[in-house]
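Good morning, and thank you for coming.

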Amino acid sequence: MSALEGTARRAVVRISAPGGGYDASGARFWGSGFFIAPGWVLTCAHVVGNGGGDVLRGATAVDVTDWHGRTAPGRVAFALPMPADPDVPPRPWRLPDLALLEVEGAEGAECLWLSDRSAVVPAPISLHGWSFDMGELGLRFGVGTATGGDGADGTAMLLRGEIPVAGCSGGPVVDTARGAVIGVCKGRGKDTAGLAVPITALRRLADDLPGRDRLHAVIRAHDRHHYARYRAVGTGAGWTGMQQALRPGPADGLTPVLRTHLFARLAELSPPATPGEVMALVETVKRRVIQEPYQPGVEHDPRSWREGVGLLYDLRDGGQGGHGRVEAGPDRDLELEAVLLYAARVAAAVSRFGALDDTEPLRELSTWIAAQAEPLPDVIRVEIHRILHGGSDDPDGPRAPSPPGTVELRKPERRDVEPGVAAPSGARADVLVQVDSPVYGDRYPWRVKLLLDGGVVNPLVGDEIGVPRAKLRETLREPIARALRQGDAGGHLAELHMMLPRELFDEPVDSWQLSPPGADGGGIDPHTLPLGQRRVVVVRDRRRRDQPPTPEWQQRWDGTSRGPLTAVPLRREAPLKGHGGPGREGGHAAYGRLSFAADSAIPVYCGEAAVGAGATAMEAALAAGHAVVIWRRCATGHTDCAEFHRRVSLLVGEAGTAGGLPQLIRSLRIACADPEAPDPEAEWARSIALLYDSPHHPPSPGEPLYAPLPRPGGAA
């Protein structure tokens with residue numbers, strides 16, 4: 001048995017029913033788990049689910065027994081996913097099927113090294129756990145290969161080889177080439193097949209605020225542990241030493257020793273608020289280091305600063321950089337340059353948070369980065385210094401002021417981190433939800449994508465079969481939440497663009513909430529607010545995306561972008577006679593009138609636009625090329641059409657250009673949302689909707705689209 005396998009086995013525990021830890025017969029044995037940080041054990045949710053609701057809710061402790069036979073109580077901190085009825089555990093348990101246990105009195109346990117990158121497959125692996133396969137309860141291990149994901153979203157990992165038998169569920173899957181845990185064993189299939197959960201599924205803990213804080217605490221404890229272990233034993237033992245021995249090629253670049261140092265320092269900082277914050281820094285660094293046209297590839301979902309480092313390994317491994325293989329000259333170490341640039345930008349980003357607890361960790365990190373950057377080429381070293389110290393040529397000399405727009409971390413004497421780069425001016429990406437007309441009965445296919453700068457479109461997830469209209473809101477809730485997390489960055493919120501069939505234009509998408517039903521705790525909470533109150537939500541037309549933009553569409557988009565805006569009735573009779581008045585305008589008459597309206601005119605309507613006369617007028621407006629329309633997605637029967645049109649006329653005048661409208665609409669949604677004391681000056685805007693439909697972003701058919709790279713290990 002290798003040193004790596006022996007160390008891994010010492011971290012594996014068996015999990016038993018309360019009081020079953022010392023039962024030699026193993027009659028109350030449930031499964032396996034392993035320490036990932038002092039006092040923290042990771043396992044499968046279905047393992048602890050054997051204890052029912054009290055165990056899953058943390059009310060009852062389970063027995064956790066280590067390889068020495070010592071037993072300690074462990075309580076479930078999180079189970080993913082928590083079943084609807086914890087007292088009736090599901091069989092089989094849905095993915096990700098993970099549980100995190102807090103174990104008393106286990107601060108000195110051996111802990112495994114968690115991979116900081118998405119799994120690179122195929123990979124040689126070893127699996128470890130407890131089992132009865134030899135007639136008595138004992139530690140078992142097997143070897144094999146992780147061959148890929150089960151499903152497009154990569155929520156499971158397929159295993160082949162000498163897969164352990166029942167009981168090893170919850171044990172670690174170790175990448176033996178890199179010396180890191182890449183998964184958690186879930187179960188055995190037929191013959192030599194098995195299924196595991198990638199370690200990256202732990203990110204799901206951070207989908208709510210308590211889980212985000214808990215995940216950060218565990219990762220901090222993990223990286224502190226391995227740093228302390230390295231400081232105590234050097235490279236002679238422990239995971240840092242084993243990874244050093246496994247590392248091929250020259251002993252330079254981002255060595256395991258440097259990585260251990262860096263991760264311990266990153267762990268002391270305030271964590272990123274969203275995956276988009278990490279991805280924005282990673283992409284900025286890749287563009288800088290690759291120095292050729294760079295396009296983001298596979299979309300990742302990092303929840304910690306350390307995972308950003310993992311996304312930069314491909315610079316050394318020869319990964320694709322958008323337009324081809326990255327080749328570094330003999331005197332260049334792209335990986336180390338990229339990682340230190342990234343670490344400096346993390347320091348600058350964290351300094352903008354302004355948290356007092358970050359002061360000393362930032363000082364320590366910036367000093368360490370500066371020391372490691374000494375051997376780098378002058379251009380990279382100077383850039384790192386500029387990011388850390390605001391452009392001062394002499395660290396001990398006069399302090400240069402931070403560039404305009406940056407936020408500095410103020411210190412009593414000198415500023416150890418003075419961001420030398422401007423703070424992000426906007427979100428990393430906006431989110432596009434594309435819903436198509438039904439193909440299979442009444443089911444609407446859908447896709448969720450990120451709209452990045454430069455016309456880049458990154459598809460995230462979709463369903464070509466679709467769901468009925470009544471299920472769209474619940475079906476899209478989690479995909480939209482995930483996409484928004486990846487778009488939000490640096491305090492800037494992604495916009496939500498709903499590209500809908502015209503029969504769905506009145507769907508109340510701005511009132512949708514990302515929190516699951518029953519999770520709203522009341523009050524004003526940004527995590528439970530309706531989407532249209534917290535961020536910009538606009539409607540776009542799905543039908544006209546199937547053809548290149550018409551000249552009218554492009555001309556009117558340009559006109560509204562320049563301004564000044566004016567309002568024109570979508571239906572001619574509505575402002576004067578209301579919905580039911582005589583003299584209803586026909587479709588062709590509306591098309592003719594709207595075709596000759598000014599390019600900067602905004603059609604306005606005080607009723608529904610997806611059915612009846614409103615739908616006819618909307619069709620005419622879109623045919624005439626109008627890219628911006630304001631209406632009210634509520635039933636007819638009201639008598640305030642003239643007031644609505646007058647108010648919107650003032651609104652568009654205040655906006656000046658189309659770019660000013662989305663935030664004004666959002667402010668109206670907030671003002672009239674209070675159920676007890678709505679703003680009387682905003683009540684006219686209840687159910688207000690905005691069509692805001694650029695012909696240029698995303699690129700139209702006929703324009704070159706960026707195709708993301710295949711997922712590592714997946715189909716090309």
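Let me begin with a definition: the axis of a helix is here a line fitted to its C-alpha atoms over the stretch in contact, and an angle between axes runs from 0 to 180 degrees between N-to-C directions. Please keep in mind that the model is predicted.

The opening pair is helix H6, residues 256-266, and helix H11, residues 359-372. Their axes lie 9 Å apart, at an angle of about 155 degrees. Because angles over 145 degrees count as roughly antiparallel, H6 is roughly antiparallel to H11. The two helices cross in a left-handed sense. On the H6 side, the contact involves Leu258, His261, Leu262, Arg265 and Leu266; on the H11 side, Glu364, Leu365, Trp368 and Gln372. Of these residues, five are nonpolar, two polar and two charged.

H11 also has a part in the surroundings of helix H12: the buried residues of H12 pack against H7, H10 and H11. Those buried residues are Ile380, Glu383, Ile384, His385, Ile387, Leu388 and His389.

Let us turn to another pair. Helix H19, residues 641-655, packs against helix H20, residues 661-671, at an angle of about 130 degrees, with the axes 9 Å apart. H19 and H20 are therefore oblique to each other, and their crossing is right-handed. Leu651, Val652, Glu654 and Ala655 of H19 meet Leu661, Leu664, Ile665 and Leu668 of H20. This contact comprises seven nonpolar residues, no polar ones and one charged.

Thank you for your attention.

Key. Residues numbered from 1 in each chain as written. Predicted model: local features only at pLDDT ≥ 70, side-chain atom pairs only at ≥ 80, totals over all residues. Heavy atoms only, no water. Helix = DSSP H or I, 4+ residues; strand = E, 2+ residues; numbered from the N terminus. Parallel < 35°, antiparallel > 145°, perpendicular 65-115°, else oblique. Left-handed = near helix turned anticlockwise from the far one by under 90°. Contact = heavy atoms within 4.5 Å. Nonpolar A, V, L, I, M, F, W, Y, C, P; charged D, E, K, R; others polar. Buried < 20%, exposed > 50% of the residue type's maximum accessible area, 1.4 Å probe, protein only.
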